[in-house]
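Take a look at it first, and then we'll go through some of its details.

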Amino acid sequence: MNTKKLFSFTLGTLSAIGGFIDIGDLVADALVGARYGLRLAWVTGIAVVGIMCYAEMSGRVAARTERPALSLARGRMGPRFALVSLVGALLVTGLLVMAELSGIALALQLATSVHYLLWVPVAALLVLAVVKFLPFEMMERLYGILGLTMLVFVWAVWKLHPDWGHLWQSATTLAPTTGESWTAYFFYAVVIIGAQMTPYEMFFFSSGAVEHRWSPKNLDEIRVNVMVGFPLGGLLAIAIQATSYLVFFPRGIEVEHISQTALPVAIALGKVGLAIAIVGIFAATFGATLETLFATGYDLAQYFGWSYGEVQKPERAARFTVTIVSVLLLAVALALTTISPITVTVYAVTFSAMVLPLSFLPVLLVANDREVMGDLVNGRLSNSVGVVILALSVVISVSVLPLLILSKAGGA
Amino acid sequence: MHPGSRRSFAPTRATWVVPIAVVAVILVGLWYGHAPPRSDAAYRTSASDTAGFLHSQLETARVWVQERPEQVFDSSLAVAIEESESDANATLKRFAGYDPPAGQEAIRTRLTTLGEKATTLLAEMRIAVHREDWSKLEELRGEAEKPSLKLEELGKQVLPQ
């Protein structure tokens, strides 16, 4: 492997690690860690396997066909399915744009003590500036690399000197903590799934593959990004759960704010650690804002057959550009209503879990079509894992609403 | 299409059932999740949750103050205290708005008294941070320990068995 290719592989993988965490993870993992310790770490494991499987499939479909998987699948499954899938994806991703944008503002608030609502329009302008002036690949790499600062959570776990046996015991106990109901436990399992297996990651990965003009010869790069990047991203998520557990659980503290997510890092590593964590939160939410924004643009453009893409000049993908700007403005407006971004995040990831089958099924069908995929058609491993994950997503989808109601959104 | 068979595009009964069912489920969910507690058990559960949240909010502020100045920035500390105060006020206000069932007035009195103590301490912490009165802040952190513990105990005591 030559140096340029190695560099590209490394950058891609690092970007996948850094890009895995978003506000859903920051909120859900800290909340779950404070309440259940590592008793839901197994869910992270399943979520990582699921997103690896389907992201690899989406990338492979895009590399073979030079079209995003969902665009192909919707064409085959008919307009009604395509419309339902589009509406579901847009609702979830649209809410997430607002939550991620607020996440940027919350990180800036934590650094400056200026109220986050004042930062929301500034964050939106920053996002627009990056979209306009930075090339797509540089944008991806930049927030991916900066997102690696989230590794400070792994360092913080170490510096908090945990009882590793106790952590292992927590991670291997598949039951709620004393005094907690099974309903709430499973509700939070769904929240973790929704936070870590978000459809927008697949849309973005797949459409990004088309933007990069990936072909079958990029398959190795796609696979390394997915197989190394996502599991290490999952490790970051578990580190957030662990730090939250070690600091908040003994004190009976519930996590309700992003500032609490960063507090264990400050306790472990001092101001330097806190500063790095704030940069990490900023980078993670900034990157996720870009991804969710592009995902909504890609989704609409692919449904209506508009030209799209960051690699094109805005005037050549005018409707795509207008969509992105409009969604961003709507997100700003929603944020400025002062609705809690944490509440929006929890509901958004919950509904994300509900629409998972609508995203997975089309990808699985296309990836199994030998006429479309040729020699890159799904093998036994992809199909086995893909079918299990799809079945699980159907169970999750059906149980989300009852769990949400019966657990009173985790309050019971 | 056969001229004798006119396909109707008017919504059928089945088409209306699904959206009505979805709306009904959402309304039931909202009622279940947000209706005020009416029974003794529901009220006591709500009191326990409220005490738990107030304890959490007060304790969060105490931990931030404890880590000052070496471990945290004053700007982050200010944000955290403001968040805790705002949350505690909202938590207490929500509980105080519920009418206690007959015989549960004592729980309401105990919890609102402790809750007001917690919110007052958090407000004073916020003021101390803004004034950079660090010795006062440390003093308040110490003062908040007892109410925090009392809230935690109360939360366990009132939980229905």
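Predicted model: local features only at pLDDT ≥ 70, side-chain atom pairs only at ≥ 80, totals over all residues.

Let's begin with Glu132(B), which counts as exposed because its relative accessible area is 55%. You'll find Glu132(B) in the loop between α4 and α5 of chain B. For background, most residues other than glycine have a negative phi.

His161(A) is not a glycine, yet its phi is positive, at about 50 degrees. It sits in the loop between α8 (152-159) and α9 of chain A. With 65% relative accessibility, His161(A) is classed as exposed.

The peptide bond leading from Arg68(B) to Pro69(B) is cis, with omega near 0 degrees. In general, most peptide bonds are trans. Pro69(B) belongs to the loop between α2 (40-66) and α3 of chain B.

For chain B, the pLDDT averages 89, and 91% of the residues score at least 70. Where does the pLDDT of chain B stay under 50? That happens over residues 1-6, for which the model has one contact beyond four places in sequence.

**Where the chains meet**

Chain A and chain B bury about 2,400 Å² between them, and 61% of that is on carbon and sulfur atoms. Three residues, Tyr32(B), Gln71(B) and Phe73(B), supply 22% of the area that chain B buries against chain A, more than any other three residues. In total, 27 residues from chain A and 26 residues from chain B take part in the contact.

How many salt bridges are there between chain B and chain A? The count is zero.

Leaving out residues up to four places away in sequence, Arg251(A) touches His55(B), Glu59(B), Val63(B) and Gln66(B). Arg251(A) lies in the loop between α12 (219-248) and α13 (258-304) of chain A, and its relative accessible area of 28% makes it partly exposed. If you'd like a sense of scale, the C-alpha atoms of Arg251(A) and Ala333(A) are separated by 37 Å, and these residues are 82 residues apart along the chain.

**Salt bridges**

Over all chains, the structure holds nine salt bridges.

| Residue | Partner | N to O distance |
|---|---|---|
| Glu180(A) | Arg35(A) | 3.0 Å |
| Arg126(B) | Glu85(B) | 2.6 Å |
| Glu138(B) | Arg141(B) | 3.0 Å |

Take the pair in chain A, where Glu180(A) and Arg35(A) meet through their side chains. Is Arg35(A) buried or exposed? It counts as buried, because its relative accessibility is 10%. Glu180(A), at 22%, counts as partly exposed.

In chain B, Arg126(B) and Glu85(B) also meet in a salt bridge. This pair links distant parts of the chain, 41 residues apart: Arg126(B) is in helix α4 (residues 105-131) and Glu85(B) in helix α3 (residues 74-96). Glu85(B) is buried, at 11% relative accessible area, whereas Arg126(B) is partly exposed, at 26%.

Glu138(B) and Arg141(B) belong to helix α5 (residues 134-143) of chain B; they are three residues apart, so about one helical turn separates them. Glu138(B) is partly exposed, with a relative accessible area of 38%, but Arg141(B) is buried, with 17%.

Back in chain A, there is also a network of salt bridges, which links Glu56(A), Arg60(A) and Arg223(A).

**A nonpolar patch**

Finally, look at the surface of chain B. Val18(B), Val22(B), Val23(B), Ile26(B), Leu27(B) and Leu30(B) make up a nonpolar patch there, and together they have about 540 Å² of accessible area. One of them, Val22(B), lies in helix α1 (residues 13-34) of chain B. At 43% relative accessibility, Val22(B) is classed as partly exposed.

Methods:
Residues numbered from 1 in each chain as written. Chains lettered and ligands numbered in written order. Heavy atoms only, no water. Patch = residues over 30% accessible without salt bridge, like charges linked within 9 Å, V, L, I, M, F, W, Y side chains within 5 Å. Areas by Shrake-Rupley, 256 points an atom, 1.4 Å probe, with all protein chains shown as cover. Salt bridge = Lys/Arg side-chain N within 4 Å of Asp/Glu carboxyl O. Helix = DSSP H or I, 4+ residues; strand = E, 2+ residues; numbered from the N terminus. Buried < 20%, exposed > 50% of the residue type's maximum accessible area, 1.4 Å probe, protein only. pLDDT = per-residue confidence, 0-100. Contact = heavy atoms within 4.5 Å. Buried area = accessible area lost by both parts, 1.4 Å probe.
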